[in-house]
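Here is a short walk through one protein model. Keep the structure in view and follow along.

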Amino acid sequence: MSRKPRVAAVPILLALLLSGAGTARGAAALFMEEPFGTFGRVTPTGHAAIYLSHVCASSPTVLRPCQPGETGVVISRYHRVGGYDWIAIPLIPYLYAVEQPEQAPLYVNAEMVASLRDSYRRGHLEQVAPDADGGGTPDGDWTQLVGASYDRKIYSFEIETTDAQDGQLIERLNSEKNKTHFNLFLYNCADFSRGIINTYYPHATRRSLFADQGITTPKQIAKSLVSYSKRHSDLQFSCFEIAQVPGTLPRSGAVRGVFEAFLKKKYVLPVAVLHPIVAGGMAVAYVTMACCDRRRNFASHLDRESQPTAVVADLESNRTAPLPATNASLAE
């Protein structure tokens, strides 16, 4: 059997079995998302979001347990979206800006993506992104809420959860005041994701004072979650990539840590002249992060042509992907 039918058919069957079982295991997945656009070139740390397979949303700001057949929700912190600290979007719309995976296009251009996003916004997101004057499409970062796979490649790091853990998180987020306090350095999307994962598994993820100067980055959260999974082999853990949808939109770039981005941008040369001790510290940090190369250490269960139905199936099945005994994992 070729690789593509094996990926597309078997997980779908498994997902169907799991979705009908009342005792099926849930999962929480860190989505480490590649940077794109002008801001992504300047700050290539990317974006972090959390996918929860057994948590769904009554609205973008109210969570509830999923019903049988529902595919879960993606939650993340955004900057300047409706004044909220976090927003929850169902999995399929988050990835493809459509209701069902079979509706997702396999090739897109900018006009098609804009149309899909605005259509979904008008039907479901007026609360967080109301019409502009005259009934037009509003500007703003709300576009990051839907169709993420059109803009960038996403890496999923998924660990099992229980219904009790899901219930505690739902109660906590629904009871807390959901008002934005986004800060790029102190309360960014990776800080929010770190807090969610640590609610399930205390101290599972952490920021790095050494590699990122204390700024929480998606790459560091992914690295620490992988390390946690190795120390707790009794927990189901899987990782794979969700490909950027082919099309005319620019391709996303590699996810980097703070020091790594600094070195890759070649800012280290003038720094080395002005302050060689600082430059040396950055170099050591970069070499340390090189123990984390995602492409060498993680089996990619989905190729670039994988259909959205297969993506959903992989996320639902929480399939275990054993990590090879190697020192490589998440660095570029």
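**From a buried pair to the sheet**

Start with Asp-85 and Arg-77, which form a salt bridge whose closest N and O atoms are 2.8 Å apart. Both residues are in a predicted model, as is everything described here. Is this pair buried or exposed? Asp-85 is buried, and Arg-77 is buried too.

Side chains of opposite charge can pair when their charged atoms come close. How many salt bridges does the structure hold? The count is twelve.

Move on to helix α4, which spans residues 110-124. Here Arg-122 forms a salt bridge with Asp-118. Their closest N and O atoms are 2.8 Å apart. Both residues lie in α4, four residues apart, and that is about one turn of the helix. How accessible are the two partners? Arg-122 has a relative accessible area of 37%, so it is partly exposed. Asp-118 is at 11% relative accessibility, so it counts as buried. The cut-off behind that word is under 20% relative accessible area.

Now find Arg-172. It forms a salt bridge with Glu-176, and the closest N and O atoms are 3.3 Å apart. Arg-172 has 27% relative accessibility and therefore counts as partly exposed. Glu-176 is partly exposed as well, with a relative accessible area of 42%. Which residues do salt bridges with shared partners join into one network? They are Asp-118, Arg-121, Arg-122, Glu-126 and Asp-131.

Turn next to the strands. Strands of a sheet pair through backbone hydrogen bonds, either parallel or antiparallel. Strand β3 covers residues 55-59, and strand β4 covers residues 62-65. The two run antiparallel and are joined by four bridges. A hairpin of two residues links β3 to β4. Ser-59 has Val-62 in β4 as its bridge partner.

Then look at the open sheet of six strands. In what order do the strands lie? The order is β6-β5-β2-β1-β7-β8, with antiparallel pairing. β6 (87-90) and β8 are the edge strands, each pairing on one side only. On average, neighbouring strands of this sheet are turned by 25 degrees against each other, direction ignored.

Within this sheet, β1 and β7 run antiparallel and share eight bridges. Met-32 stands opposite Tyr-155 in β7. Helix α8 packs on the sheet, where it touches β1, β2, β7 and β8. The direction of α8 makes about 145 degrees with that of β1.

Finish with the nonpolar cores. The largest holds 35 residues. Which of its members touch the most others? They are Leu-30, Leu-52, Leu-63, Ile-75, Phe-157 and Tyr-200. Several strands give two or more residues to this core: β1 (26-33), β2 (47-52), β5 (73-76), β7 (154-161) and β8 (237-242). Helices that do so are α6 (163-175), α7 (189-200) and α8 (218-231). The largest share, six residues, comes from α7.

Take a look at Tyr-200. Not counting residues up to four places away in sequence, Tyr-200 touches Ala-28, Leu-52, Val-55, Thr-161, Gln-165, Asp-166 and Leu-169. Another core, of 33 residues, lies apart from the largest one. Among its members are Tyr-51, Val-74, Ala-148 and Ile-242.

Conventions:
Residues numbered from 1 in each chain as written. Predicted model: local features only at pLDDT ≥ 70, side-chain atom pairs only at ≥ 80, totals over all residues. Heavy atoms only, no water. Core = buried A, V, L, I, M, F, W, Y, C linked by side-chain atoms within 4.5 Å. Buried < 20%, exposed > 50% of the residue type's maximum accessible area, 1.4 Å probe, protein only. Contact = heavy atoms within 4.5 Å. Salt bridge = Lys/Arg side-chain N within 4 Å of Asp/Glu carboxyl O. Pairing = 2+ DSSP bridges. Axes fitted to C-alpha atoms, helices over the stretch in contact; angles between N-to-C directions.
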